[in-house]
Amino acid sequence: MPVNHAPVTFRPRRPAKVLLALGLLLGLVASTALVSPASARDVTASSADPLCNSSGFSQPPGPLTPIALTWSHIGSRSNSGTTYRYWMVQEVYTSTVVYRNSYVVRCSGTTLLSTTLIPTNGGFGTPYCTSSGDYNPPASSTTARYVGQRTSRESGFIGALTFRYWHREWLSVATLKWVYDSSYVVRC
């Protein structure tokens, strides 16, 4: 062995606390990146996304979301080769599950194009709460396509409520195809 070569056992070691801290930080970042759904913004299309190809998933608590969440796929509608998938997000507590918010996700196949937060509106007694299917408002050039519904508790309400999801579209005279207009959720 040459004189200026130190044996392997004499290499300087990194402190165990530093390595542990880096490992934990990397683990948190990686696990958050893997389970966090897309935020309400356009995203770069890259690969299959669970929002475009799953029927639901859970998101454990983490640094960005201190409460466990469950994501439930409500239904889908398609317009001009784009699929609009509707999602309900609920907070999971030990004794109950509480409605948090809703999203519509634009997908091309299994590639995520964008997500949008959908506001929830009250609709007690309206056709959006009572109709058994699609609804065509009188004297309107649009139609409301029923997507699906789910029951959940909501903060401030004693009992469970039904959240009904709607996909509004209009018929293009030029192409004779239905064109996406908007999405909404009605609390019933």
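This is a predicted model: local features need pLDDT of at least 70, side-chain atom pairs count only at pLDDT 80 or more; totals for chains, interfaces and linings use all residues.
Close-up 1. One partner is Arg-145: the two side chains meet in a salt bridge at 3.1 Å, N to O. Asp-134 sits in the loop between helix 3 and strand 7 while Arg-145 is in strand 7, so this pair ties together parts 11 residues apart in sequence. Asp-134 also forms a salt bridge with Arg-77, with the closest N and O atoms 3.3 Å apart. Here the reach along the chain is 57 residues, because Arg-77 belongs to strand 2 (residues 68-79). Arg-77 comes out as partly exposed too, at 26% relative accessibility.

**Close-up 2. Arg-145 and Glu-169, a buried pair.** Arg-145 has 15% relative accessibility, so it counts as buried, and Glu-169 is buried as well. Their side chains meet in a salt bridge at 2.6 Å, N to O. That links distant parts of the chain, with Glu-169 in strand 8 (residues 161-171) and Arg-145 in strand 7, 24 residues apart. The structure holds five salt bridges.

Close-up 3. Asn-121 is in strand 6 (residues 120-122) and counts as partly exposed because its relative accessibility is 41%. Leaving aside residues up to four places away in sequence, Asn-121 touches Val-185, Val-186 and Arg-187. Asn-121 and Val-186 are 65 residues apart in sequence, yet their C-alpha atoms are 5.0 Å apart in space.

Conventions
Residues are numbered from 1 along each chain as its sequence is written. Side-chain values use heavy atoms; hydrogens and water are left out. Helices (H or I, at least four residues) and strands (E, at least two) are DSSP runs, numbered from the N terminus. Buried means under 20% relative accessible area, exposed over 50%, partly exposed in between (1.4 Å probe, protein chains only). Contact means heavy atoms within 4.5 Å. A salt bridge is a side-chain nitrogen of Lys or Arg within 4 Å of a carboxyl oxygen of Asp or Glu.
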